[in-house]
Amino acid sequence: MGPMAAKTELPLSARRAELADAPLLHAVYTRSPGYFELLGSELPTLVDVESELAAALADPERRLELLFLRDEVVGLLDYKLHHPEDDAATLSLVLITEDHRGLGLGQRAVRNLEAALSPEFRLLYAVVYGQNPSAERFFTRLGYAFQRSGGPAVKWFSKPLRAGP
Ligand code: ACO
């Protein structure tokens, strides 16, 4: 195994969040203060996170997943199936805690999601909120193309998940 392998072999896993995971999800947010500064919003409280989780779990198409490096929570994926079209899914947030950035975890989490959605889903959208040039670069590097603005602070990117006919 060469030196490059170590980075890609980090044992990253994802599982759906349950109500009881509110403290873990809250910990992910607490370790990612810069993202909330960028959005101009307060860090959510544990109570906020509990209601967010309840709302997510009540939506049968919504998927809120926690990302783990071995047994440590290092981020989340938030996406919606069959949205906005039946054969598409929409990623509204990939978040890696600030202490685990730059290790390729975000890239791997998105690639794993693409693989899991394909071929049932034809397209994955990524919706970037706020002024977030680093997220735009991140998705562009992963092969996403700018589609349209959904208002001054929302940009839709998308990537086909398999070659079209
Ligand atoms: N911090 C951040 N980036 C770094 C660092 C560091 N300390 N060191 C290096 N980088 C570079 C990496 O080299 C890489 O660039 P490269 O591929 O050109 O070398 C890039 O930044 C990051 O790639 P990854 O390591 O795969 O990404 P990471 O695991 O750091 O996660 C993410 C990227 C998810 C965008 C992360 O920065 C994050 O959580 N940001 C805040 C939340 C956010 O803005 N998410 C996207 C919102 S839009 C949406 O989700 C649809």
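Pro84 lies in the loop between strand S3 (72-80) and S4; here helices (H or I, at least four residues) and strands (E, at least two) are DSSP runs, numbered from the N terminus. The model is predicted, so local features need pLDDT of at least 70 and side-chain atom pairs count only at pLDDT 80 or more, while totals for chains, interfaces and linings use all residues. Residues are numbered from 1 along each chain as its sequence is written, and side-chain values use heavy atoms, with hydrogens and water left out.

**Backbone features in loops**

His83 and Pro84 are joined by a cis peptide bond with omega of about -5°. A cis peptide bond also runs from Ser118 to Pro119, where omega is near 5°. Pro119 is located in the loop between H5 and S5. Arg70, in the loop between S2 and S3, has a positive phi of about 55° although it is not a glycine.

**The largest pocket**

Rolling a probe the size of a water molecule over the atoms shows where empty space is left. The search uses a 1 Å grid over the protein atoms alone: a cavity is a set of points where a 1.4 Å probe fits but cannot get out, a pocket is an open set with protein on both sides within 12 Å along at least five of seven lines, and lining residues have an atom within 4 Å of a point. Grid points are joined across faces, edges and corners, and a volume is the space filled by probe spheres set on the points.

The largest pocket has a volume of about 640 Å³. It is lined by 28 residues, of which Val94, Arg101, Ser134, Ala135 and Phe138 are the closest to its centre. At least two lining residues come from each of helix H3 (33-39), S4, H5, S5 and H6. The lining divides into 15 nonpolar, nine polar and four charged residues; Ala, Val, Leu, Ile, Met, Phe, Trp, Tyr, Cys and Pro count as nonpolar, Asp, Glu, Lys and Arg as charged, and the others, Gly among them, as polar.

**The ligand**

The ligand sits in the largest pocket, meaning that more than half of its atoms lie within 2 Å of the pocket's grid points. Strand S4 (88-96), helix H5 (105-117), strand S5 (123-129) and helix H6 (133-141) each give two or more residues to the shell around the ligand. S4 provides the largest share, six residues. Of the 22 residues around the ligand, Val94, Gly102, Gly104, Gly106 and Asn132 come nearest; a residue is near if one of its heavy atoms lies within 4 Å. By class, the shell has 14 nonpolar, six polar and two charged residues.

The table gives polar contacts, which are pairs of N or O atoms within 3.5 Å.

| Residue | Protein atom | Distance to a ligand oxygen atom |
|---|---|---|
| Leu103 | backbone N or O | 3.3 Å |
| Gln107 | polar backbone atom | 3.0 Å |
| Arg141 | polar side-chain atom | 3.2 Å |

The protein covers 71% of the 970 Å² of accessible area that the ligand has on its own, by the Shrake-Rupley method with a 1.4 Å probe.

**The cavity**

The count comes to one cavity of 30 Å³ or more. The largest cavity has a volume of about 40 Å³. Its lining consists of Arg16, Ala17, Leu53, Ala56, Leu57, Arg62, Arg63 and Leu64. Helix H4 (46-58) and strand S2 (62-69) are the elements that give two or more residues to this lining. By class, five of the lining residues are nonpolar, none polar and three charged.

Conventions
Polar contact = N/O pair within 3.5 Å; in protein donor to acceptor, adjacent residues only side chain to side chain.
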